[in-house]
Amino acid sequence: MDEPVRIDKWLWAARFVKTRALGAEAVRGGRRDQRPAREAQQGGPPGDRVAMTLGSSRVCVDVRATAVRRGPASEAALLYEETAESRAERRAHADAVRGSGAAQQRRLAKPPPAAAPGGRPTKRDRRRFEAGRGRR
């Protein structure tokens with residue numbers, strides 16, 4: 001299908017975002033053909049270049065085809081082609097992040113998982129709990 005489609009819907013169909021709401025949010029900060037893409041309603045015909053920020057990296061793709069429905073990843077990959085500059089920039093960004101140990105710092109900053117409670121309290125546990133609260 002080669003007719004214009006909403007950019008947020010195309011981002012969702014091309015599997016850049018999980019929901020159309022996230023697609024609309026990505027559009028607000030992105031660009032389409034070197035112009036700011038302010039609204040999700042603006043159509044994106046094939047041949048357009050769409051630049052957006054996903055996570056902490058910038059991605060720039062050329063629209064090859066449009067789709068209204070979200071299909072499998074193999075079909076989604078046919079809808080766009082990432083530019084060579086974008087790939088190089090993402091690799092440089094990933095190398096910089098790996099070199100700084102930022103991923104390891106994020107991993108270590110997470111709190112350890114809490115111990116799982118023993119499950120549902122027994123009648124004895126309930127009696128002890130209520131005795132501690134001053135009842136009985």
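Me: Which side chain meets Arg49 in a salt bridge?

Reply: The side chain of Asp62 does, at 2.8 Å from N to O. A salt bridge here is a side-chain nitrogen of Lys or Arg within 4 Å of a carboxyl oxygen of Asp or Glu. This is a predicted model, in which local features need pLDDT of at least 70 and side-chain atom pairs count only at pLDDT 80 or more, while totals for chains, interfaces and linings use all residues. Residues are numbered from 1 along each chain as its sequence is written, and side-chain values use heavy atoms, with hydrogens and water left out.

Me: Which parts does that pair tie together?

Reply: Asp62 lies in strand 4 and Arg49 in strand 3, so the pair ties together parts that are 13 residues apart in sequence. Helices (H or I, at least four residues) and strands (E, at least two) are DSSP runs, numbered from the N terminus.

Me: Is Asp62 buried or exposed?

Reply: Asp62 is buried, with a relative accessible area of 14%, whereas Arg49 is partly exposed at 31%. Buried means under 20% relative accessible area, exposed over 50%, and partly exposed in between (1.4 Å probe, protein chains only).

Me: Which residues are linked with these two in a network?

Reply: Arg64 and Glu81 are linked with Arg49 and Asp62 in a network of salt bridges.

Me: How many salt bridges does the count come to?

Reply: The count comes to six. Among them is the one between Glu82 and Arg90, whose closest N and O atoms are 2.8 Å apart. Glu82 is buried at 14% relative accessibility, and Arg90 is partly exposed at 35%. Glu75 and Arg69 also meet in a salt bridge, at 3.3 Å from N to O. There, Glu75 is partly exposed at 40% and Arg69 is exposed at 53%.

Me: Back to the strands: how many bridges join strand 3 to strand 4?

Reply: Six bridges join them, and the two strands run antiparallel. Two strands pair if DSSP finds at least two bridges between them.

Me: New topic: which residues touch the most other members of the largest nonpolar core?

Reply: They are Trp10, Leu11, Phe16, Met52, Val61 and Leu79, in a core of 18 residues. A nonpolar core is a set of buried Ala, Val, Leu, Ile, Met, Phe, Trp, Tyr and Cys residues joined through side-chain atoms within 4.5 Å. Helix 1 (7-13), helix 2 (20-28), strand 3 (49-54) and strand 4 (57-63) each give two or more residues to this core. Helix 1 supplies the largest share, four residues.

Me: And how many residues of helix 6 are buried?

Reply: The count is zero among the ten residues of helix 6 (residues 123-132), which is hardly covered. Gly134 follows helix 6 and has a positive phi near 100°.

Me: What about the chain as a whole: how many helices and strands are there?

Reply: The protein chain has six helices and five strands, in the order α-α-β-β-β-β-α-β-α-α-α along the sequence. Of its 136 residues, 29% are buried.
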